[in-house]
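Work through the exercises below with the model open beside you. Try each task before you read its solution.

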Amino acid sequence: MNLVIGAFTIGLILSLLSLGMLISFKMIKFTDITVDGSITLGASLTAVLIATGWNPWLATLMAFFAGSLAGAITGVLHTKFKIQEILAGILMMTALYSINLRIMGRSNIPLLDTGSVSSQAEQLLTTVSGGADKMNVFGWDVPVADLGALISSLVLSVLLAIVLNYFLKTHFGTVLRATGNNPQMVRAQGVNNNTMVVFSLALSNGLVALSGAILAQYQGFADVQMGIGMMVWGLASIIIGEALVGKSSIGMTITGAILGTILFRLLIAIALRWGLNPNDLKLVTAVFVFLALVAPSMFKNLGKRLQKVRSHANNQ
Amino acid sequence: MLTINNISKTFFPGTINEVQALRNVSLQIKEGSFTAIIGTNGSGKSTLLNAIAGTFIPDEGSIKIDGTEISRWPEFKRARMIGRVFQNPFAGSAADMTIAENIVMAMRRGQSRPLKIAVHKSIKEAIAEKVQMLKMGLEDRLDNPIGTLSGGQRQALTLLMATWLKPKLLLLDEHTAALDPKSAAKVAELTKIIIERENLTALMVTHSMQQAVDLPDRIVMMHRGQIVEDLHDEMKQRVRVPDLLETFNIIQKRELFDESVARLMKEQYV
Ligand SMILES: Nc1ncnc2c1ncn2[C@@H]1O[C@H](COP(=O)(O)OP(=O)(O)OP(=O)(O)O)[C@@H](O)[C@H]1O
Ligand SMILES: [Mg+2]
């Protein structure tokens, strides 16, 4: 049960990353590798700020702004300096590696016995449980700390999903979505599509850094390596989410991204439990994303070939 | 209204691929007039429209709308004044987004984009009312992705979008060329109706001589990056399709002559 709660919590925290990537990858169709750097940026900045006594919420908010700045720079590299999107992301990600080391001063910062964004929820639960450090949930004894983290991340994730859903349906959000679809049309409507790209990447990486900030508080440390492969994990989550609930509306797409991230974390937890070597995790994820990306066209080709074979058979 | 003064544009200057797409083009367009631009392939018609719309900045010359110099403005800024329909029926709308969402974007062309819900009930009613005039039954499909429509339907909607807010200038670049004959006729008719009803100032590139004779009140003919013929008022009233074809022939013959003479001269003197 603790395993499941852990997977759920991490899934909810990382769903902020998926929501961020939804904006870059799905809305403006920008394959943004900055993500690997900006999630670590959020984690390291928050860790340092909390360690020096900042309020966890304020520290988390700063992470959002720092991530936004990183995303905006990637956007400017691409739109203003005409650097290919992948390369712009790689440049920013590489720069962030050094920046993150600078921020932390070393490669790892532990966060033990410090407050976090789930402190309030924990306190509330402790009061409810009458001071016990475990609570009975549907027959299981669950540590209050874990439950607090789960509830906080759930509330945060749902709140952000609602805000994002609203935002994407506004006049501004509508043009943002059109930017990935048809930049020429966006210009013809009097909107600078480059500005939209920069803004979207800023928002996207802000959410990613937010995710990193909360992840660091949940797992109790920030590590300079923690971002590696996160972009591909986000992709996997989005793909699963799309398969799960489709993309018939913005609300569904957002819900899908969140559910996809949770399911993906659960699958990983189960796979690890069954003895998957943690070192192979990224390889497995990469293969999964590869299959998910090529499967639709493979099925189409297969379908065509079958039809051909059939029509051949009919002709004879 | 629109005053173009001596604009030139050379693509790939200084290379073997150098193309002088526009050579000292000047053109004055009166408020409320409807002008057709015709000419051979590669004569610079699209380049002229692109220069006006701001797809690129001309090498030299000035472009003024109502006295405001716009030739250095970026494309998106000019969209405040200019409505556009492209040759490609898919270029004017966002395929994955619904009809209503596409139109709602056009309803604020060149204006601010507030953080308010864009598509809601009363707006949809207003949209449905106006879309009805297309007589394509699209008012019942406002929530369908615009990418599910035919080229003709999309082009009709793009036209509606480009003129939803009255533009100072409407630019049409062979906007019926990619459509099947029936849809092309329908969109052409719609173009005429909208331009007349809203009293728009319009520039239309077309390959159809018939369209050039039927719709507008002025015909400008381009060749090799220059304006070679300008038929307006009475002359335009009298002109028929055979006349236009004849003019084409004369220009092309003159051209052939020029080139062969140039070659002769080169061979003998260089
Ligand atoms: N973006 C561009 N880059 C390079 N060359 C261009 C570009 N746009 C146009 N040209 C060249 O400029 C010349 C004029 O092209 P333009 O598209 O204006 O012709 P057009 O009159 O619209 O022809 P058509 O009737 O075929 O549409 C052509 O030789 C074309 O190859
Ligand atoms: Mg053309």
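**Exercise 1: A threonine under cover**

At 9% relative accessibility, A:Thr79 counts as buried. The model is a predicted one. Task: find which element holds A:Thr79, and which residues beyond its sequence neighbours touch A:Thr79.

Solution. 
- Step 1. Check the class. Buried means under 20% relative accessible area. A:Thr79 has 9%, so it is buried.
- Step 2. A:Thr79 belongs to helix α3 of chain A.
- Step 3. Set aside the neighbours within four places in sequence. A:Thr79 is then in contact with A:Asn194, A:Val197 and A:Val198.
- Step 4. Take one distance. A:Ala257 is 178 residues from A:Thr79 along the chain, and their C-alpha atoms are separated by 27 Å.

**Exercise 2: A nonpolar patch**

Task: say which residues form the nonpolar surface patch with about 460 Å² of accessible area. Then decide whether A:Trp54 is exposed, partly exposed or buried.

Solution. 
- Step 1. List the members. They are A:Trp54, A:Leu58, A:Leu61, A:Met62 and A:Phe65. Together they have about 460 Å² of accessible area.
- Step 2. Locate A:Trp54. This residue sits in the loop between α2 (34-51) and α3 (56-79) of chain A.
- Step 3. Classify it. A:Trp54 has a relative accessible area of 35%, so it is partly exposed.

**Exercise 3: An open sheet in chain B**

Task: give the strand order of the open sheet of 4 strands in chain B. Which strands are at its edges?

Solution. 
- Step 1. Read the order. It is β2-β1-β4-β5 in chain B, with antiparallel pairing.
- Step 2. Find the edges. β2 (19-29) and β5 (68-69) of chain B each pair on one side only, which makes them the edge strands.
- Step 3. Look at one pair. β4 (residues 60-65) of chain B and β5(B) are antiparallel over 2 bridges. B:Thr68 in β5(B) is the bridge partner of B:Ile65.
- Step 4. α1 (residues 45-53) of chain B lies across β1 (2-11), β2 and β4 of that chain. This helix runs at about 115° to β1(B).

**Exercise 4: Positive phi**

Task: find where B:Phe12 and B:Asn199 lie, and say how exposed B:Phe12 and B:Asn199 are.

Solution. 
- Step 1. Take B:Phe12. It is not a glycine, yet its phi is positive, about 50°. B:Phe12 lies in the loop between β1 and β2 of chain B. With a relative accessible area of 54%, B:Phe12 is exposed.
- Step 2. Take B:Asn199. It too is not a glycine, and its phi is positive, about 50°. Its loop runs between α6 (181-198) and β8 (202-205) of chain B. At 49%, B:Asn199 is partly exposed.
- Step 3. Turn to chain A. Strands β2 (residues 134-137) and β3 (residues 140-143) of chain A are antiparallel and joined by 4 bridges. A:Met135 stands opposite A:Val142. The hairpin has 2 residues between its strands, and A:Phe138 takes a positive phi near 45° there.

**Exercise 5: An enclosed helix**

Task: explain why helix α3 (residues 99-106) of chain B is largely enclosed.

Solution. 
- Step 1. Count. 8 of the 8 residues of α3(B) are buried, so the rest of the structure largely encloses this helix.
- Step 2. Name some. The buried residues include B:Ile99, B:Glu101 and B:Met105.
- Step 3. Find the packing partners. From chain A come α7 (171-181) and α8 (183-188), and from chain B come α4 (121-131) and α5 (151-164).

Conventions: Residues are numbered from 1 along each chain as its sequence is written. Chains are lettered from A and ligands numbered from 1 in the order in which they are written. This is a predicted model: local features need pLDDT of at least 70, side-chain atom pairs count only at pLDDT 80 or more; totals for chains, interfaces and linings use all residues. Side-chain values use heavy atoms; hydrogens and water are left out. Two strands pair if DSSP finds at least two bridges between them. Contact means heavy atoms within 4.5 Å. Axes are lines fitted to C-alpha atoms, for helices over the stretch in contact, and angles run from 0 to 180 degrees between N-to-C directions. Patches are made of residues with over 30% relative accessible area and no salt bridge: like charges are joined within 9 Å, nonpolar side chains (Val, Leu, Ile, Met, Phe, Trp, Tyr) within 5 Å. Accessible areas come from the Shrake-Rupley method with a 1.4 Å probe; for residues, only the protein chains shown count as cover. A salt bridge is a side-chain nitrogen of Lys or Arg within 4 Å of a carboxyl oxygen of Asp or Glu. Buried means under 20% relative accessible area, exposed over 50%, partly exposed in between (1.4 Å probe, protein chains only).
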